[in-house]
Amino acid sequence: MAAKAPIPQNDNVAHALAGAGGGILSMVLTYPLITLSTRAQVESKKASSKFTDAVQKIIAREGIPGLYSGISSALFGISVTNFVYYYWYEWTRAFFEKAAATAGRASKKLTAVESMIAGAIAGSATVIITNPIWVVNTRVTTRQKNSEAAAAAAAADLEAGSDKKRQQQQYRPPSTIGTLMLLLRNEGPKALFAGVLPALVLVINPILQYTLFEQLKNAVEKRRKVTPTVAFFLGALGKLFATSVTYPYITVKSQMHVAGSHTGRKEGMGQTLSRVIREEGYAGLYKGLSTKEGMFVLYKQPRPATGPCGT
């Protein structure tokens with residue numbers, strides 16, 4: 001019996017395009033939650049607030065568009081992120097299937113370990129390629145400005161001499177290109193790769209989700225048939241578990257994305273982790289978790305670790 005041929009190149013692209021399209025749709029639907037979660041991750045403990053209060057404050061200061069700060073860069077980022085992720089995943093899957101056929105293995109389907117390896121390779125490639133996009137997006141979403149821009153704004157505030165002008169200037173949304181240019185001019189290209197290390201750690205997020213999902217599915221199948229509805233809830237439960245375990249690194253990644261934008265402070269992953277625990281306790285590592293987990297109930301598919309949904 002002839003061995004199954006690897007997935008053609010155009011099929012890899014089709015899977016990648018489908019993943020990109022799905023990512024764009026889910027991003028549009030959940031972006032206000034992403035905004036709230038990301039801002040919660042980078043704000044100080046003193047500035048933290050409840051979900052409803054945070055929504056009211058953003059709308060009062062910035063209007064409804066404030067909930068969609070940075071959505072243009074996020075849509076670009078999620079399309080590139082998902083395209084790269086699914087392309088590499090399908091390429092790696094085809095490689096394993098070809099190896100299985102060459103070795104004469106009865107089943108050409110990927111084993112659990114092979115699926116995890118494929119996900120890890122795809123996730124790592126995605127992190128390295130797309131991290132600059134998410135650094136800029138995080139800064140636009142949280143409206144972080146570098147120290148030079150902040151000083152100029154403060155001086156302008158003093159000259160303006162009116163609360164209205166000061167408020168308008170303070171909450172004027174930064175543009176994606178403007179944020180990128182300021183970052184490159186004041187911090188250099190290296191700043192675009194801030195948070196790469198915790199993002200690579202987050203590659204284990206879909207691996208944890210997949211492992212728990214398979215275990216739960218096997219347990220349920222012993223008692224009843226796994227319907228699409230049951231599979232959805234099992235997948236959501238797996239994502240909630242994986243996110244809860246890895247969430248401290250999502251917080252660290254977001255803080256590293258904005259480090260230096262207004263304080264000039266540059267920290268590594270370990271330093272950022274230690275500082276958050278020292279200043280805010282372990283609870284500080286889970287800021288915005290309830291919003292993030294609510295978002296993952298809406299969108300539970302395994303996905304790369306680099307986006308604001310951060311796995």
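This is a predicted model: local features need pLDDT of at least 70, side-chain atom pairs count only at pLDDT 80 or more; totals for chains, interfaces and linings use all residues.
Residues are numbered from 1 along each chain as its sequence is written, and side-chain values use heavy atoms, with hydrogens and water left out.

Trp88 and Trp91 lie three residues apart in helix α3 (residues 71–102), and so are separated by about one helical turn; helices (H or I, at least four residues) are DSSP runs numbered from the N terminus. Ring pairs link Trp88 and Trp91 with Phe95 and Phe96 into a cluster.

## Aromatic pairs

A search of the whole structure finds nine aromatic pairs, a pair being rings of Phe, Tyr and Trp (its six-membered ring) whose centres lie within 6.5 Å, with planes under 30 degrees apart counted as stacked, over 60 as edge-to-face and the rest as tilted. One of these is formed by Tyr85 and Tyr86, which are edge-to-face, with 5.3 Å centre to centre and 90 degrees between the planes. Tyr85 is buried at 5% relative accessibility, and Tyr86 is also buried, with a relative accessible area of 16%. The pair of Trp88 and Trp91 is edge-to-face as well, at 5.9 Å centre to centre and 65 degrees between the planes.

## Helix α9

Helix α9 (residues 204–221) has 18 residues and reaches 26 Å from its first C-alpha to its last, close to the expected 26 Å, a span given by 1.5 Å times one less than the number of residues. The buried residues of α9 are Asn205, Pro206, Gln209, Phe213 and Val220. Seen down the helix axis, these buried residues fall within an arc of 80 degrees and therefore line one face of α9, the arc being that of the directions from the axis to the C-beta atoms. The buried residues of α9 pack against α10 (228–258).

## Ser115 in helix α4

Ser115 is placed in helix α4 (residues 112–141) and is buried, with a relative accessible area of 12%. When its neighbours within four places in sequence are left aside, Ser115 is in contact with Tyr89, Leu110 and Tyr210, contact meaning heavy atoms within 4.5 Å.

How values were computed. Buried means under 20% relative accessible area, exposed over 50%, partly exposed in between (1.4 Å probe, protein chains only). Helices (H or I, at least four residues) and strands (E, at least two) are DSSP runs, numbered from the N terminus.
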